[in-house]
Amino acid sequence: MKTALAIRLGLLLPLVAALWLAAARAEDGAPDPAAWQEVISGQIEAFRQGHDAVALFYAGALFRRAYSDPAAFVESIRVSGYAAIIDSVAHSFGGFELISEDAVLQIVTFDGGDLHSYRALYQLDLEDQGWRVQGVMLREIPGVHI
């Protein structure tokens, strides 16, 4: 089950290096980011409220095929080092970069329930059902935040 997550993370690594060094900016004529940001926020809120099936609904097809049990999906996310997202108390959006017409990278900053802040790079693809989360890279921002 962790394999699907590991595969997606491996695919993101080449893209992370470029985006992590500079804030991604939307190009002129780019689509409104509200569509994929609503998906990200929807999944984050579902994690926070314990709505496992909704959290899985916002995940990409690869995850939905790999996890028939939504609780197992959320537990896999938690034990894979992403508890900071599940336990976060607030989030905000940073820059984004369109990879193609149907793929985007979006930076999200989290205020953790542990008084630490985190930055994540989300990859979303446009699937038949709309934008869906394909993978996330997360890192802690050094220091304690209040």
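Modeller: Let's start with β1 and β2, which pair in the antiparallel sense over 9 bridges. This is a predicted model, in which local features need pLDDT of at least 70, side-chain atom pairs count only at pLDDT 80 or more, and totals for chains, interfaces and linings use all residues. Residues are numbered from 1 along each chain as its sequence is written, and side-chain values use heavy atoms, with hydrogens and water left out.

Colleague: How should I read strand pairing, and in which order do the strands lie?

Modeller: Strands of a sheet pair through backbone hydrogen bonds, either parallel or antiparallel. Strands are DSSP runs of E, at least two residues, and helices are runs of H or I, at least four, numbered from the N terminus. Two strands pair if DSSP finds at least two bridges between them. Here 4 strands form an open antiparallel sheet in the order β1-β2-β3-β4. Its edge strands are β1 (88–100) and β4. Across from Ser-88 is Gly-112 in β2.

Colleague: Is Leu-105 buried or exposed?

Modeller: Buried means under 20% relative accessible area, exposed over 50%, partly exposed in between (1.4 Å probe, protein chains only). Leu-105, in strand β2, counts as buried because its relative accessibility is 3%.
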